[in-house]
Amino acid sequence: MNVDENTHEQLESERQEEAEALERQIWRKHAPYQYDLIMTRDLVWPTLTVDWFPCSSKTFSEDGSPYDVHKLLFGCQTSGQEESALMVAEVLLPSPPAELNMKLYDAVLEEVGGYAQTDAKINIKTTTAPDGQPVADVPQVRLVQREDVCRARVCPQNSDVVAVKPESGTAVLVFVLSQHFWHVAEVADPQINLKCGDEAVANPSYPLAWAPRCEGLLASSGGASGHSVAVWDVGAESPDSSRRLLQGHTDVVQDVAFHFHDSSALGSASDDGSALVWDLRTSGEKPSMALIHAQFQVNCMCFSPFNPFAVASGDSQGVLRLWDLRRPGAALACLSHHSGAVSSLQFAPFSETVLASGSEDGMVMLWDLAKAAEGPAGGSPGAPPPALLFMHCHGAGVSDLSWSPLEDWLLASASLGNNLLHVWKMAHHLYK
């Protein structure tokens, strides 16, 4: 590569950074009018994972005001500099939801809904060193881990059970939270240790999913190459011996997802450019269908909780594809507005037509799939497509996102580059 090519790439990179900085500036300017609620937490260490618990409780403030206590599962990535941990934080929301005074929006904290405004908060304390430097986040539950927590998911049928995929990728660890002391210095040993393969994993990846309709069914990547899908029955007499390996991909598996209506259907997304759907009633020697992204790596996929035939997938080029399982030969629609790879994808649990996508470009985008078939938006190049409903700015690559199963439009999302954890709801006047 010659000097001119290097200079051109550097200029292009600088232009891209300037464009993204301008986008974030515009987002901050309009934030007071875009949210019913936004809370941020600057974590000591970044988290690669976030997941809501399917349960909540009630409590009261000192003045007697009621609010709901939701719980959020996350981890930390310390890269060996400090001990890693699996954590559960309380998120306090007014009940019923309080009217926020958007004039009190704090542009520095990027927050509306702090202690002074509504008593809404992400309940995490921080320990500090003698020199005042932050050392660790201390939420309601903190279980020390041997490795960084790369993915963690709550069992939908039993919120006391949590699965973790650690950095090495060699196993899936299952914890029963009530069987642990929550704030001790010793490493917490899992109740169940599920091996992902019989050998060390050469290319670790961190897909992880519980079956929503079949308690105890759990899936991740498996095999020494990471090209296989591993499925276990955690409720079996010998959970580790229940492992099945589904072999059909030719590259690393990046995501897995169970069907919401058919507990025997499992999807997997891979760097080989395909998303496969498996029938667990068969031997697993080959998938029942393939959804092809051609030369692009498929990073994530999800099934609709409403439409049994609807599937969405996201790839390394920032493109979302919508599929109909009855006609898997070609995507029904392609949605493109991310400028980086799609890192996470999830259908809303309250609406058949709403989809959330997170990306390495630092944005979470909400999509109205009822408008997915409409043509490209007119106007200047790069104008948002008609299906784009909302854009939420993280300022750094989005590592994970999660819709609340209990409160409509409530999202949690996390980013790596700036260690931020966000809890937010877009303004209701934007979708009503």
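Me: Why does Trp403 count as buried?

Reply: Trp403 has a relative accessibility of 3%. Buried means under 20% relative accessible area, exposed over 50%, and partly exposed in between (1.4 Å probe, protein chains only). Trp403 at 3% therefore counts as buried. The model is a predicted one, in which local features need pLDDT of at least 70 and side-chain atom pairs count only at pLDDT 80 or more, while totals for chains, interfaces and linings use all residues. Residues are numbered from 1 along each chain as its sequence is written, and side-chain values use heavy atoms, leaving out hydrogens and water.

Me: How many aromatic pairs does the structure hold, and what makes Tyr35 and Trp424 one of them?

Reply: There are seven aromatic pairs. For Tyr35 and Trp424, the ring centres are 6.1 Å apart and the planes stand at 80 degrees. Rings of Phe, Tyr and Trp (its six-membered ring) pair if their centres lie within 6.5 Å; planes under 30 degrees apart count as stacked, over 60 as edge-to-face and the rest as tilted. The pair of Tyr35 and Trp424 is therefore edge-to-face.

Me: Which parts does the pair of Tyr35 and Trp424 tie together, and are Tyr35 and Trp424 buried or exposed?

Reply: Tyr35 lies in strand β1 (residues 35–42) and Trp424 in strand β32 (residues 420–426), so the pair links parts 389 residues apart in sequence. Helices (H or I, at least four residues) and strands (E, at least two) are DSSP runs, numbered from the N terminus. Tyr35 is buried at 2% relative accessible area, and Trp424 is buried at 0%.

Me: What kind of pair do Phe350 and Trp403 form, and how do you know?

Reply: Their ring centres are 5.3 Å apart and their planes lie at 80 degrees, so this pair is edge-to-face. Phe350 is in the loop between β26 (342–347) and β27 (354–359), and Trp403 is in strand β30 (residues 398–403), so the pair joins parts 53 residues apart in sequence. Phe350 and Trp403 also belong to one aromatic cluster with Trp409 and Tyr431.

Me: How do you know that Lys71 sits over the ring of Phe53?

Reply: The charged end of Lys71 is 4.8 Å from the centre of the Phe53 ring. A charge sits over a ring if NZ of Lys or CZ of Arg is within 6 Å of the ring centre and within 35 degrees of the ring normal. Lys71 is counted as sitting over Phe53, and Arg326 lies over the face of Phe309 at 4.1 Å from the ring centre.

Me: Why are β1 and β30 called edge strands?

Reply: The open sheet has four strands in the order β1-β32-β31-β30, paired antiparallel. Each of β1 and β30 pairs on one side only. The twist from one strand to the next averages 15 degrees.

Me: What makes Ala269 buried, and which residues does Ala269 touch?

Reply: Ala269, in strand β19 (residues 265–270), has a relative accessible area of 0% and is therefore buried. Contact means heavy atoms within 4.5 Å. Leaving aside residues up to four places away in sequence, Ala269 touches residues including His249, Asp255, Val298 and Cys300. Ala269 and Val298 are 29 residues apart in sequence and 5.5 Å apart in space, C-alpha to C-alpha.

Definitions and conventions:
Pairing = 2+ DSSP bridges. Axes fitted to C-alpha atoms, helices over the stretch in contact; angles between N-to-C directions.
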